[in-house]
Amino acid sequence: MSPKEYANYLRKQAQVIPEAVVMPTFRRRAFKVLELAIQNTPVNTGALRNGWHLTIGAPSKEDREGGKSAAGVLSAGKRIIDKVKFGQGIWIQNNVPYARVYEDGLFQPPDPGPSKALHVPKSRRKRVAGTILIKGGFHVSAPNGMLADAVQQVAELARAGQL
């Protein structure tokens, strides 16, 4: 093989190897971050849980309601993740207006004490009343934010060789 042929071969490999080696792991981990962000969202249904969405290259600026269900959000996210090319970034975001309160720990007061559960339907109020739900401005189910916790969880799974 001549030096010119070898150089052409290396250029082709530089395009093939990242897609074949790096991107499957990147896609698996990106999907797991999305899945865990949805799981970390401290509500069972509604706009906040379904407001997660992905974009390639830059964040979206508009408020989005996301899918009609967590499964719909995951399905839409998988389609985006499958389109991303080596070198492009994925933005996982929730632009529901109040998502920042949960993600950035902006609950006021930051330590309100036991819940009075006024936000919970009466049929479930007894299960929640008296429980501490907010600590340090964050919901206790996502103590560093929904997405931040998901990224940490994926990093721990990767370090343990489980992802």
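Before anything else I wrote down the accessibility rule: buried means under 20% relative accessible area, exposed over 50%, and partly exposed in between. I also noted that this is a predicted model.

**Entry 1: salt bridges**

I looked up the salt bridges and got 4. One of them joins E35 and K32, with N to O at 3.0 Å. E35 has 21% relative accessibility, so I put it down as partly exposed.

Next I checked K78 and D82, whose closest N and O atoms are 3.0 Å apart in a salt bridge. They are 4 residues apart in helix α3, again about one turn. K78 is partly exposed at 39%, and D82 is partly exposed at 41%.

Then I went to D104 and R100, which meet in a salt bridge at 2.9 Å, N to O. They lie in helix α4 (residues 99–104), 4 residues apart, so about one helical turn separates them. D104 is partly exposed at 35%, but R100 reaches 53% and counts as exposed.

**Entry 2: an Asp without a partner**

I wondered where D149 sits, and found it in helix α6 (residues 146–159). D149 is buried but has no salt bridge. The nearest side chain of opposite charge is R159, and that is 12 Å away. Leaving out neighbours within four places in sequence, I listed N40, S141, A142, P143 and N144 as the contacts of D149.

**Entry 3: helix α3**

Back to α3, residues 70–83. I counted 14 residues and a reach of 20 Å from first C-alpha to last, close to the 20 Å expected at 1.5 Å a residue. Which residues of α3 are buried? I got V73, L74, G77 and I81. Looking down the axis of α3, I saw that these buried residues fall within an arc of 95 degrees, so they line one face of the helix. They pack against α1 (3–40), α2 (47–50), β1 (52–56) and β2 (90–94). On the other side of α3, I found A71 and K83 exposed.

**Entry 4: aromatic pairs**

I found 2 aromatic pairs. The ring centres of Y6 and Y9 are 6.1 Å apart with planes at 25 degrees, so I called that pair stacked. Both are in helix α1, 3 residues apart. Y6 is partly exposed at 44%, and Y9 is partly exposed at 40%. For Y102 and F107 the centres are 5.0 Å apart and the planes stand at 90 degrees, so that pair is edge-to-face. I noted Y102 and F107 as both buried.

Note on methods: Residues are numbered from 1 along each chain as its sequence is written. This is a predicted model: local features need pLDDT of at least 70, side-chain atom pairs count only at pLDDT 80 or more; totals for chains, interfaces and linings use all residues. Side-chain values use heavy atoms; hydrogens and water are left out. Helices (H or I, at least four residues) and strands (E, at least two) are DSSP runs, numbered from the N terminus. Buried means under 20% relative accessible area, exposed over 50%, partly exposed in between (1.4 Å probe, protein chains only). Lys and Arg count as positive and Asp and Glu as negative; His and the chain ends are not counted. Contact means heavy atoms within 4.5 Å. The expected span of a helix is 1.5 Å times one less than its number of residues. The arc is that of the directions from the helix axis to the C-beta atoms. Rings of Phe, Tyr and Trp (its six-membered ring) pair if their centres lie within 6.5 Å; planes under 30 degrees apart count as stacked, over 60 as edge-to-face and the rest as tilted.
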